[in-house]
Protein chains: 2
Amino acid sequence: MTQRFINNKMSPVERAYHYILDAILSGELEPGMRVPTEALAENLGISRMPVRDALRQLEGDGAVTIIANRGASVAQYSSEEVVEIIEMRAVLEALAARLALPRMSATEISELEHLHWRMQNVSQDLTAWISAHDDFHNYLTACSKRPLLIQQSQRLRLMLRPYFRSYYAESKELEITGLEHQSLVDAVKAGDPEDLERKVRAHVRQNVETIAKLA
Amino acid sequence: MTQRFINNKMSPVERAYHYILDAILSGELEPGMRVPTEALAENLGISRMPVRDALRQLEGDGAVTIIANRGASVAQYSSEEVVEIIEMRAVLEALAARLALPRMSATEISELEHLHWRMQNVSQDLTAWISAHDDFHNYLTACSKRPLLIQQSQRLRLMLRPYFRSYYAESKELEITGLEHQSLVDAVKAGDPEDLERKVRAHVRQNVETIAKLA
DNA sequence: GCATCTCATATTGGATACAATAATACTTGA
DNA sequence: TCAAGTATTATTGTATCCAATATGAGATGC
């Protein structure tokens, strides 16, 4: 089992939360799979109570689905719902980018460029690329300095993760999307918020078509 | 204490959830107020466990904030965060409206008109007006038939509720916003999705300025 | 008189135990 | 052999109990 980011001084709820989340993000737990409370509790050496608690939090994040008396399973989204999530991500991250641009410092812009560079640098290693890609979008969104907007975007990206994993795995277009991101960096440097908003929205929304081709 | 929508055959978690939520929506519980687990449990004649569970769900909804070892309190948002939420609502509901328009039936359009009429009809009774106003926006959003989008919008509107209550209470511009909504109905009837999206976004976003004037 | 430290109290977090519900296997009748 | 009903098992939901942490009051020293 892979090493998880679990600290010994974390509280049981936190441990359970990150444990399950990491399992979902890593693809170990796939959409639709059941998440039995007891087994997890035993695995972590804690009682079912904090696990239950963590599951409720993950439900709020859209990562798991809980049905009364039938327990939790990894959230499963239909292709229509995946499209829906992408559309939401598109407008929210586009909004974040628009709000971010006017207050971005030179340092932040060069940091964004660095993240883009790193993304292209690991384009051969799928897992690393996904992570770097996430970092890029996370960073641009984070530059908005709007905590709730950042949180929502992260949630949506988290919901999509299991589906994008298989998508990217079968896609050979990593380089092309690399160019896509370059154009975003350019738009940032150009400094027009409205234009950046449109571009980010279109960029994220583009995934709808590519995913549609797969399904 | 006001009558709540609590059915006797509801499970304890559901009872607790709706009990707390209603208390927040009605304004009985104001932002920042603590929500002591034990007192509520006693009030409802159940144990603290289901209350705890309900609180975690409400945390996911953004209605309460839970801090480790310090319990739950009604979520409190700074004016910056309120603006943030409005901006998110604006883009999401605008998106929903755009997606809804092409698939709206004549029946749905006239239902929307009816809701608008009802809104104007109760413009003297603040509580009723807020409820009717919510119904109007909810309905337009719901016409998108996108479950996740609908859920997110509802969450955001819920987060704003406590702040809009005081806003509307001090505002004398109910009639003006009535005209505002008429223009939305007109845009729906015009049938241009892109235009409707812009109008809905502007309409929701408008609250930013009005709220800013108050603070 | 003020700050700080300690102790008491209230409230939350977690574990165990029991009850209720759902899923499954089995039996019984046709 | 199949269907339906029943019983068994597994899993979840709730309650109670104990531990840990935070809060506030009071005492003690400066």
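This is a predicted model: local features need pLDDT of at least 70, side-chain atom pairs count only at pLDDT 80 or more; totals for chains, interfaces and linings use all residues.

Residues are numbered from 1 along each chain as its sequence is written, chains are lettered from A and ligands numbered from 1 in the order in which they are written, and side-chain values use heavy atoms, with hydrogens and water left out.

Start with the total: 34 salt bridges over all chains (each a side-chain nitrogen of Lys or Arg within 4 Å of a carboxyl oxygen of Asp or Glu).

**Helix α3, chain A.** Select E59(A) and R56(A). Their closest N and O atoms lie 3.3 Å apart, in a salt bridge. The two are three residues apart in helix α3 (residues 48-60), so about one helical turn separates them. (Helices are DSSP runs of H or I, at least four residues, numbered from the N terminus.) Now colour by accessibility: R56(A) is buried at 12%, while E59(A) is partly exposed at 24%. Buried means under 20% relative accessible area, exposed over 50%, partly exposed in between (1.4 Å probe, protein chains only).

**Helix α9, chain B.** Move to residues 193-214. K199(B) and D195(B) form a salt bridge, 2.9 Å from N to O. They sit four residues apart. K199(B) is partly exposed, at 35%. Next, select E209(B) and R205(B), a salt bridge at 3.4 Å. This pair is also four residues apart in helix α9, about one turn. Both are partly exposed: E209(B) at 44%, R205(B) at 24%.

**Last stop.** Which residues are linked in a network of salt bridges? Select E87(A), R201(A), R205(A), E209(A), R98(B) and E197(B).
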